[in-house]
Amino acid sequence: MKATFPTRLMRRSKLGFAALLLGTLMACSGGGNPPRDPENACSIFKERPHYQQALKASERKWGVSIPVQMALIYQESTFRATARPPKRYVLFIIPKGRASSARGYAQALDGTWDDYRNGPGRAGASRSNIRDAADFIGWYVSGNNAALGISNSDARNSYLAYHEGRTGYRRGTYLSKSWLLSTADAVAVRAARYEAQLISCR
């Protein structure tokens, strides 16, 4: 029996509501499921070989090592493709927007992402695409490091420059942020761990 117009409309409304609910849940949770074991580089590449291909391509193009790229991605998004900063609220109930426009694997800001797309980025580049995110990280980190005299294998200072930008890094704005210095140390430790893991699983 063919569904009547009101029945079809109701079904579409239910589907639309379900899609909206799913999108809301993904936005709240960060969305974009990470690899099962984001702490283990060998496990990540075994589960998602396209990650390895993307990171290798970026390393060849920009000279930023795979372990450094992975440690930055882990710190920024824990490998969640649609990660975004948490929403802010006034009086705990009135939405005030998000802390920044950062999003995706690399948590790239709108303005910086536009610079990338207008520069070396491909047409239609997306922050939730690992190939584009890895290429962005390689481009941004290598550019910062060349300007600031940081080695591309120096995960700690690469992260500080990534977080503070060139001007902030030159001014030493990170020196008064103990939490950021601790985070940069953790990035360096994770990069070294990823490097050791990749050597063991080759």
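The report below runs from the whole chain to single side chains.

This is a predicted model, in which local features need pLDDT of at least 70, side-chain atom pairs count only at pLDDT 80 or more, and totals for chains, interfaces and linings use all residues. Residues are numbered from 1 along each chain as its sequence is written, and side-chain values use heavy atoms, with hydrogens and water left out.

**Overall fold**

The protein chain has eight helices and two strands. Helices (H or I, at least four residues) and strands (E, at least two) are DSSP runs, numbered from the N terminus. Their order from the N terminus is α-α-α-α-β-β-α-α-α-α. Of the 202 residues in the protein chain, 40% are buried (under 20% relative accessible area, 1.4 Å probe, protein chains only). Contact means heavy atoms within 4.5 Å. Among contacts between residues at least 6 apart in sequence, 52% join residues at least 24 apart.

**Aromatic pairs**

Rings of Phe, Tyr and Trp (its six-membered ring) pair if their centres lie within 6.5 Å; planes under 30 degrees apart count as stacked, over 60 as edge-to-face and the rest as tilted. The count comes to 11 aromatic pairs. Two of them are tabulated here.

| Pair | Centre to centre | Plane angle | Class |
|---|---|---|---|
| Y51 and Y105 | 5.9 Å | 85° | edge-to-face |
| F136 and Y140 | 5.7 Å | 5° | stacked |

Y51 lies in helix α3 (residues 49-62) and Y105 in the loop between β2 (94-98) and α5 (110-118), so this pair ties together parts 54 residues apart in sequence. Both Y51 and Y105 are buried.

F136 and Y140 share helix α6 (residues 130-148), four residues apart, about one turn of the helix. F136 is buried at 1% relative accessible area. Y140 is buried too, at 18%. One aromatic cluster is formed by W113, Y116, F136, W139, Y140 and Y162.

**Charged side chains**

The charged end of R190 sits over the ring of Y74, 3.6 Å from its centre. The rule asks for NZ of Lys or CZ of Arg within 6 Å of the ring centre and within 35 degrees of the ring normal.

Is E164 buried or exposed? E164 is buried, with a relative accessible area of 15%. E164 belongs to helix α7 (residues 155-171). Leaving aside neighbours within four places in sequence, E164 is in contact with Y169, T173, Y174, K177 and L180. The side chain of E164 also makes a polar contact with the side chain of T173, at 2.5 Å. A polar contact is a pair of N or O atoms within 3.5 Å; within protein, one must be able to donate a hydrogen and the other to accept it, and residues adjacent in sequence count only if both atoms are side-chain atoms.

Technical notes
Buried < 20%, exposed > 50% of the residue type's maximum accessible area, 1.4 Å probe, protein only.
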